[in-house]
Number of protein chains: 2
Amino acid sequence: MSYIIGIDLGGTNMVAALTYKNETIIAREKTETMADSGFANVVRRLAELVQRLMDGAGVSCRQVEGIGIGVPGYLNMMSGVVHFSPNFTGWTEVPLVDELHKHISLPVYIVNDVNAHALGEYRFGAGRGAEHIAVLALGTGVGGGLILDGRLYAGSTEGGGELGHIVVDPDGPRCECGCYGCLEAFAKAQAIADRTAMKLQQGKRSLIPGMVDGDIRSITPAVVAQAAEAGDQTAIEVWDEVGMYVGIAAAGLIQALSPQVIVIGGGIAGAGRFLMDPIRRTVETRALLVPASTCRLELSPLGDDAGLLGAISLVIEKR
Amino acid sequence: MSYIIGIDLGGTNMVAALTYKNETIIAREKTETMADSGFANVVRRLAELVQRLMDGAGVSCRQVEGIGIGVPGYLNMMSGVVHFSPNFTGWTEVPLVDELHKHISLPVYIVNDVNAHALGEYRFGAGRGAEHIAVLALGTGVGGGLILDGRLYAGSTEGGGELGHIVVDPDGPRCECGCYGCLEAFAKAQAIADRTAMKLQQGKRSLIPGMVDGDIRSITPAVVAQAAEAGDQTAIEVWDEVGMYVGIAAAGLIQALSPQVIVIGGGIAGAGRFLMDPIRRTVETRALLVPASTCRLELSPLGDDAGLLGAISLVIEKR
């Protein structure tokens with residue numbers, strides 16, 4: 001029972017990893033998710049992926065403690081049912097754990113992917129040794145996860161930790177959730193691209209049009225980060241503004257929850273200091289001194305493995 | 001051991017209550033705090049109050065399980081030290097529990113007064129049966145307390161739950177804490193009085209000047225509530241605006257923590273539906289549907305006894 005399998009089930013790819021003695025990933029397998037191919041087919045692909053992973057490593061079921069799966073969407077960890085996932089066609093109230101058990105005789109646990117990220121930070125990442133952690137994952141959307149008193153916090157609806165929908169400006173733009181001025185409306189990838197495009201349309205000088213062959217609709221946060229790295233003032237301005245909004249949300253979390261660490265992750269965290277510096281400046285002016293002085297603000301050290309390591313953590317939590 | 005003593009230690013008065021079998025307050029005593037008379041003197045007054053309470057009820061120390069005290073300020077529940085209290089002259093790092101033990105041979109526990117309120121709601125008030133509760137106490141300042149997963153949440157600094165300093169408008173006025181646009185800057189008593197006075201100075205028609213003999217500096221939230229009750233449109237407008245800001249904070253709590261109930265307490269909650277209606281309207285438009293639909297918004301049913309009942313709850317929690 002020295003092995004654990006963690007799976008990061010994304011809308012595009014599914015990745016499975018095998019760890020030995022909790023920490024070291026000794027093998028990994030990846031395949032297309034085929035999210036539109038129907039629930040039963042995705043489950044079959046998951047089972048095949050797990051089998052291939054174990055076969056490749058010469059590990060049998062008897063040696064594996066369990067499987068943890070990070071799933072994008074709204075789900076019930078206890079029942080193993082995914083209520084809804086925006087990334088999978090037709091996934092409404094699907095019994096993911098029960099269905100997987102038809103293929104695999106191992107304990108299977110599921111968790112929201114951003115909550116997995118929070119568990120991963122708690123056990124393997126920036127939250128090691130801390131008891132109170134908030135994770136903001138900035139990507140296509142903005143997700144959040146909370147570890148409070150050393151446990152994943154889910155709230156009354158298991159939907160707790162929807163930190164992307166903290167209001168950071170009541171007069172802000174409408175968010176996809178229907179509310180106004182949520183963090184996500186300012187800090188998701190498309191919002192960053194749109195903010196950049198608007199500045200360019202206003203005639204700001206920038207390296208960015210040259211970097212995207214003049215097609216400003218193809219701007220991504222990675223491009224804006226690259227431009228900032230090259231000293232582009234317009235790009236730096238975009239990150240200053242986005243960082244300020246993330247900082248307002250972080251300050252709110254500090255006032256309300258006094259965490260020891262707030263971890264900034266997701267693809268957009270690739271902007272590094274261009275994102276973190278304005279977050280830190282904002283927290284300095286907008287959070288109470290005592291809880292702010294005991295709260296670290298850190299980039300996720302887990303990178304692309306955050307979800308996998310979180311899924312593995314979930315199995316460890318269940319001991 | 002059927003009796004518990006709860007104390008609400010205010011800056012003006014200290015009130016002690018004796019309960020029998022947890023729930024029923026069978027005796028209470030009250031005296032002036034004399035907050036400026038020095039730490040040792042306040043502690044002596046506390047001890048005398050407790051003795052008078054027990055003597056009056058014919059109860060001996062052996063019959064009392066413990067004493068819980070709600071203290072305004074920033075303190076350490078474990079060590080029993082009050083780091084700082086704005087309500088007491090010279091209270092910096094004072095060992096309240098140790099000092100009381102020189103006078104009283106009973107277990108003594110202390111808790112921040114608003115956290116006491118949260119415990120009181122959890123055990124005796126609007127939070128009965130819930131596991132996740134947020135309390136917003138609106139008064140001279142705006143305090144907050146959180147019960148998460150059935151336990152008082154304190155965070156890493158024991159300063160968690162500073163819900164009065166959640167930013168509800170980043171462009172808002174400066175708060176006493178030094179930040180901008182905190183809930184407290186909109187919803188504390190003086191802010192409500194100032195907002196009302198400003199509307200009157202702008203020439204809005206209102207019953208209020210007549211209610212305060214033309215002295216608009218003497219406006220209180222109670223007067224504004226009374227005017228609203230009488231149909232005064234300016235007063236109702238004030239509550240609509242204040243309620244909107246409280247609602248933004250409540251929506252943020254719902255997104256982040258998905259509590260089962262948010263309790264609105266403190267003296268300003270006396271405005272009743274004039275405050276609660278705009279809070280509810282704001283939450284309806286500003287919070288995610290799933291967590292909002294499972295979260296009740298309630299006026300505190302405990303009234304002036306919230307602190308006392310919270311202090312009593314603290315002793316029960318320690319079992």
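Student: Which residue forms a salt bridge with B:Arg281, and how far apart are the closest N and O atoms?

Tutor: This is a predicted model, in which local features need pLDDT of at least 70 and side-chain atom pairs count only at pLDDT 80 or more, while totals for chains, interfaces and linings use all residues. Residues are numbered from 1 along each chain as its sequence is written, chains are lettered from A and ligands numbered from 1 in the order written, and side-chain values use heavy atoms, without hydrogens or water.

The partner of B:Arg281 is B:Asp240, and the closest N and O atoms of this salt bridge (a side-chain nitrogen of Lys or Arg within 4 Å of a carboxyl oxygen of Asp or Glu) are 3.1 Å apart. The pair links distant parts of the chain, since B:Arg281 lies in helix α9 (residues 273–286) of chain B and B:Asp240 in helix α8 of chain B, 41 residues apart; helices are DSSP runs of H or I with at least four residues, strands runs of E with at least two, both numbered from the N terminus. B:Arg281 is partly exposed at a relative accessible area of 45%, and B:Asp240 is likewise partly exposed, at 32%, where buried means under 20%, exposed over 50% and partly exposed in between (1.4 Å probe, protein chains only).

Helix α5 of chain B, residues 189–201, has 13 residues and reaches 18 Å from its first C-alpha to its last, close to the 18 Å expected at 1.5 Å a residue, and it is followed by B:Gly203, whose phi is positive, near 90°.

A positive phi also occurs in chain B at residues other than glycine, one of them being B:Asp213, with a phi of about 50°, in the loop between α6 (208–211) and α7 (221–229). B:Asp213 is exposed, with a relative accessible area of 73%.

Returning to ion pairs, a search of the whole structure finds 30 salt bridges over all chains. In chain A, the side chains of A:Glu65 and A:Arg319 meet in one of 2.7 Å, N to O, which joins strand β4 (residues 64–71) to the segment after α11 (306–317) across 254 residues.

As for the two chains, chain B can be laid on chain A with an RMSD of 0.0 Å by a turn of 180° and a shift of 0.0 Å along the axis, superposed by least squares on the C-alpha atoms of residues with pLDDT of at least 70 in both. That is the relation of a two-fold axis, and in chain B the C-alpha nearest the axis is that of B:Asp169, 3.0 Å from it.

How values were computed: Expected span 1.5 Å × (residues − 1).
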